[in-house]
Amino acid sequence: MVYLHFALFIGISALISCRAQGLGPLANFCSRWNHQAVVKNGILYIDGGDETFSNYSPIQVDQVRENIYNICVASNWQNVSEVAINKTANPSTGTSAPIFERGALFQGLPGDPNIYLYGGSTPSINTSFPTWQWPYSNQYTLWGFNTNTHAWSQYDIFQSAPERPSWGAHTEAPNLGLAFYFNGVINNYSSPSTNYLANNTLCLEGMVVLNLTMSNTTATNFSTTAVANGSPMMGGQMVYVADYGEKGILVLLGGATGTASQPSREEVGTLAGMQEVYIFDVNTVYQSTTGLADGWYTQYVSGAIPEPRVDFCVFLASAVDGSSQNIYMYGGWDPTQTKYFDEIWVLSLPSFTWIQVYTGTAPRFAHTCHMPSPSRAITVGGLRYADPLRECDWEYKSIAVYNLNSGEWSSEWDPAAPAYEVPEKISGIVGGNANGSATKLVPDKGWTSIQIAELFTGSSNQTAPAHVSSQSTRAGGGSGGGQGTNIRAGGMSKGTIAAVAVGVVVFFLLALLGAVYLLRLRRTTVRGGNSENESVHENRMSSSASNPRDSRHNGWATDIMT
């Protein structure tokens, strides 16, 4: 089945009227999806993707253009507030800042002021828009955004990674300064050199490993033959778990497979089952500079197996004592059956057991998840249906908070939330209690291979229990479309802590100045008679507060003509 592109639902006249009506991405926000996002130094950055706007008229749609948005997660809030940062050209080259979808944002090392944008394709949802950009050259597939100066920079990694992939699984090990991008696809909007693909897509093999620790950023393309074997994957997710192996492991989940040998009109081929997961030994990166080493292994799982899906998100939460590492998987859809999921599943390690901890009635896909707190996750964006004009997001600004301890949703954020407590639905299966003490430390059928046994137990015994590290920080990892992390022991250095502190202070000063400016702007706007957007904004706030997660139905969105 051909994966329906959202552009099929959009009329050219509607696109043009979006600018004609002067709808703004903040005041008239409706929904967002296919973006990339990451948390760094107490700030959640959201970049690119697609958005819809509304002013109680037919919903309009556009690519996210001029701005990168940030949300402070270092302080409390109800009904989140976003700050828009204008995208400026690279001061060294004059090249316009990138506008991509389905790429990846990486946080890099804690003391590095940059976040990094890798991959993605130019949104094709609105090619008639006056500021639409033609696809960028694939010579620069890696960009940096300085969170202090807001300047963009480019990195030439063409020799190692000549294509700009999108829709691939990705994650990073920020304690190691490494970022990973697995397989993915290219299309005619990936770069000028791929316009020969027309309406087709081409799947890519290999996993690009970015070394973000050096001033001269490097990339290595590692073989994924043991996993893909001619059928690359897209739409899945990866999580970095630091507690196992010498340098940690990557866990690859879900997605779909395609064909690497020739372009295809079918973006999705066969969905990958969830009855097995793939594990990558990160230490392989240090053992091979050519990328020819394998490092990939397959582990079978147990429990009730989730249905196959793409476009879900993942995040990691660790028991206080490290006896279980719990990978949360939220949402997603099956485009081959047009089936959507409002579920949260947990793959509990080291037992590799699937456990369902939540089910609801309003699905979400093409979103991202982030874990700035040990027991609270933030979800950003996503859609409930393939048609983005059908409704606006029922969450205010498309932001929701999930309490891992209680299993409840809200619009309130508290950075001082308590430590993660293993829910009874998980501890009832893997053993132990809220603080950990898991007793199921080996998969039901043992470790699938000697290599996996060595990663988890330090021995070749395929029935031995996993070693429980006492040196992990036990902080839940964040996921930006698959950026699950769990930092190893030792914590941050004094320099890193100082950098974080300075960053937070600078942010609050800028936020204060911004608040004064916005207050004056609002007063000026109201005096000028433009009160319509303000009333819409207030109505949306009250609407969001009155929408319980169990119904998940947006009252004001249904009033919009579709």
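Me: What do strands E2, E3, E6 and E8 form?
Reply: They make an open sheet of four strands in the order E2-E3-E6-E8, with antiparallel pairing. Strands here are DSSP runs of E with at least two residues, helices are runs of H or I with at least four, and both are numbered from the N terminus. Two strands count as paired if DSSP finds at least two bridges between them. This is a predicted model, where local features need pLDDT of at least 70 and side-chain atom pairs count only at pLDDT 80 or more, while totals for chains, interfaces and linings use all residues. Residues are numbered from 1 along each chain as its sequence is written, and side-chain values use heavy atoms, leaving out hydrogens and water.

Me: Which are the edge strands there?
Reply: Strand E2 (36–40) and strand E8 (83–86), each of which pairs on one side only. Neighbouring strands of this sheet are turned by 25° against each other on average, direction ignored. Those angles are taken between N-to-C directions, from 0 to 180 degrees, with axes fitted as lines to C-alpha atoms.

Me: How many bridges link E6 and E8?
Reply: Four, with E6 (residues 67–72) and E8 antiparallel. Asparagine 70 has valine 83 in E8 as its bridge partner.

Me: Zooming out, how many helices and strands does the protein have?
Reply: Six helices and 37 strands. The protein has 562 residues, and 58% of them are buried. Buried means under 20% relative accessible area, exposed means over 50%, and partly exposed is in between (1.4 Å probe, protein chains only).

Me: Which other open sheet has four strands, the one with E13?
Reply: That one runs E13-E14-E17-E18, and its pairing is antiparallel. Strand E13 (169–173) and strand E18 (218–222) each have a single partner strand, so one side of each is left without a neighbour in the sheet. From one strand to the next, the twist averages 20°. E13 is joined to strand E14 (residues 178–182) by five bridges, and alanine 169 stands opposite phenylalanine 182 in E14.

Me: Is E11 mostly covered or mostly uncovered, and how many of its residues are buried?
Reply: Mostly covered, with five of its five residues buried. Leu142, Gly144 and Asn146 are on one side, and Trp143 and Phe145 are on the other. In a regular strand, side chains alternate between the two faces of the sheet.

Me: Which strand does E11 pair with over five bridges?
Reply: Strand E10 (residues 114–118), in the antiparallel sense. Tyrosine 118 has leucine 142 in E11 as its bridge partner. E11 is also joined to E12 by four bridges, again antiparallel, and glycine 144 has serine 153 in E12 as its bridge partner.

Me: What do E11 and E12 form together?
Reply: A hairpin with five residues between the strands. Histidine 150 sits in the turn and has a positive phi of about 65°. Histidine 150 is partly exposed, with a relative accessible area of 25%.

Me: Where is arginine 102?
Reply: Arginine 102 lies in the loop between E8 and strand E9 (104–106). Arginine 102 has a positive phi of about 60°, although it is not a glycine. Its relative accessible area is 13%, so arginine 102 counts as buried.

Me: New topic: which residues of H4 are buried?
Reply: Ile452, Ala453, Leu455, Phe456 and Thr457. Seen down the axis of H4, they fall within an arc of 165°, so they line one face of the helix. The arc is that of the directions from the helix axis to the C-beta atoms.

Me: What do those buried residues of H4 pack against?
Reply: Strand E21 (249–253), strand E24 (276–281) and strand E25 (296–300). Contact means heavy atoms within 4.5 Å. Just after H4, glycine 458 takes a positive phi of about 80°.

Me: And where does asparagine 461 lie?
Reply: In the loop between helix H4 (450–457) and helix H5 (494–527). Asparagine 461 is partly exposed, at 38% relative accessible area. Not counting residues up to four places away in sequence, asparagine 461 touches Trp447 and Ala453.

Me: Which residues does a cis peptide bond join?
Reply: Leucine 349 and proline 350, with omega about 10°. Proline 350 is found in the loop between strand E31 (343–349) and strand E32 (353–359).
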